[in-house]
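This report describes one protein chain for a reader who has not seen it before. Please look over the sequence and the structure before reading on.

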Amino acid sequence: MVGAGRWLAARGLAPGSSGNISIRDGTTWLMTPTGRPLGRLSAEHVARLDASANPIAGPAPTKEHPLHLAVYQSRPTAAAIVHLHSTYAVALSCLSDLDPDRPLPPLTPYQVMRLDRLLVVPYAMPGSRELADAVRTRAQESPVLLLANHGSVVAAPTLDEAVAVAEELEEAARVALLVAGRPTRPLDAGQVAEIRERFRS
Ligand SMILES: [Zn+2]
């Protein structure tokens, strides 16, 4: 978790003290703390929560811990979650004309392989029960979410995979915004189907 935080910070994906990471550890959770940049974490800064989400060791967890717990409730196979306020994902999340069920056109094969099920969660106050409830509902359909006017959430069976998909989402958002306003040629339905057939996990 410490290494993942440094990795994400070094890539400019965790501006200020934004971004948080959690790991499921049996019936407890490890989470990054509130108010500390991801790039300046060490092991003593990691918070541990019990099965009822009460802090049992370390500093106070991120104020956004309800959204992490909501995703774990909806996705029993998820063992790690990365939540970022990375620039391009945030920019994408602020567009008013996003399709909530397909916010990114299928521009590249990798996008179809890794981000095919990206869904938008409607805006609610960070840390709120309302946001956790909305995330819980959407997470039942997909492990990769874009929170409107906020950022990205990725759940995966391993932390490495969650980090990789979060990075890919950021780059896909960047590409989509770079080509916005220009004529583009998204992959057609047949090309998308071929990729899904071969690579769908
Ligand atoms: Zn956030």
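## Surface and basis of the model

Accessible areas come from the Shrake-Rupley method with a 1.4 Å probe, and for residues only the protein chains shown count as cover. On this basis the chain exposes about 9900 Å², and carbon and sulfur atoms supply 53% of that area.

The model is predicted: local features need pLDDT of at least 70, side-chain atom pairs count only at pLDDT 80 or more, and totals for chains, interfaces and linings use all residues. Residues are numbered from 1 along each chain as its sequence is written, and side-chain values use heavy atoms, with hydrogens and water left out.

## Overall form

Seven helices and eight strands make up the secondary structure listed for the chain; helices (H or I, at least four residues) and strands (E, at least two) are DSSP runs, numbered from the N terminus. The radius of gyration is 17 Å, close to the 17 Å that the globule rule gives for 201 residues, so the chain is as compact as a globular protein of that length. This radius is taken over C-alpha atoms, and the globule rule is 2.2 Å times the number of residues to the power 0.38. The C-alpha trace spans about 50 × 30 × 30 Å along its principal axes.

Of the 201 residues, 46% count as buried. Buried means under 20% relative accessible area, exposed means over 50%, and partly exposed lies in between (1.4 Å probe, protein chains only). Among contacts (heavy atoms within 4.5 Å) with a separation of 6 or more, 65% are between residues 24 or more positions apart.

The chain has 20 positive and 20 negative side chains; Lys and Arg count as positive and Asp and Glu as negative, while His and the chain ends are not counted. The centres of the two sets lie 3 Å apart, with each charge placed at NZ of Lys, CZ of Arg, CG of Asp or CD of Glu.

## The zinc site

Which residues coordinate the zinc ion? The donors are two OE atoms of E64 and the NE2 atoms of H83, H85 and H150, at 2.0 to 2.4 Å. E64 lies in the loop between β4 (55-57) and α2 (65-74) and H83 in strand β5 (residues 80-84), so this pair ties together parts that are 19 residues apart in sequence. The spacing of the donor residues in sequence is E-x18-H-x1-H-x64-H. Donors are N, O and S atoms within 2.8 Å of the metal (3.2 Å for Na, K and Ca), and water is not among the atoms, so sites may look incomplete.

E64 is buried, with a relative accessible area of 8%, and H83 is buried at 0%. Seven of the 10 residues of α2 are buried, so this helix is largely enclosed by the rest of the structure. The buried residues of α2 include L67, H68, L69 and Y72.

S152 is in strand β8 (residues 151-156) and is buried, with a relative accessible area of 1%. Not counting residues up to four places away in sequence, S152 touches V82, H83, L84, S86, A89, L145 and L169. Of these, H83 is also a zinc donor.

M31 is in strand β2 (residues 28-31) and counts as buried at 0% relative accessibility. Leaving aside neighbours within four places in sequence, the contacts of M31 include M1, I21, V46, P61, H68 and L69. The C-alpha atoms of M31 and R48 are separated by 6.3 Å, though these residues are 17 apart along the chain.

## Residues with more exposure

Y110 sits in helix α4 (residues 109-115) and is exposed, with a relative accessible area of 56%. Beyond its neighbours within four places in sequence, Y110 is in contact with L115 and E168. Y110 and A172 are 62 residues apart in sequence and 8.9 Å apart in space, C-alpha to C-alpha.

A53 is in the loop between β3 (47-49) and β4. A53 is not a glycine, yet has a positive phi of about 70 degrees; this residue is partly exposed, at 22%. N149, in the loop between β7 (144-147) and β8, has a positive phi near 55 degrees and is likewise a residue other than glycine. N149 counts as partly exposed at 46% relative accessibility.
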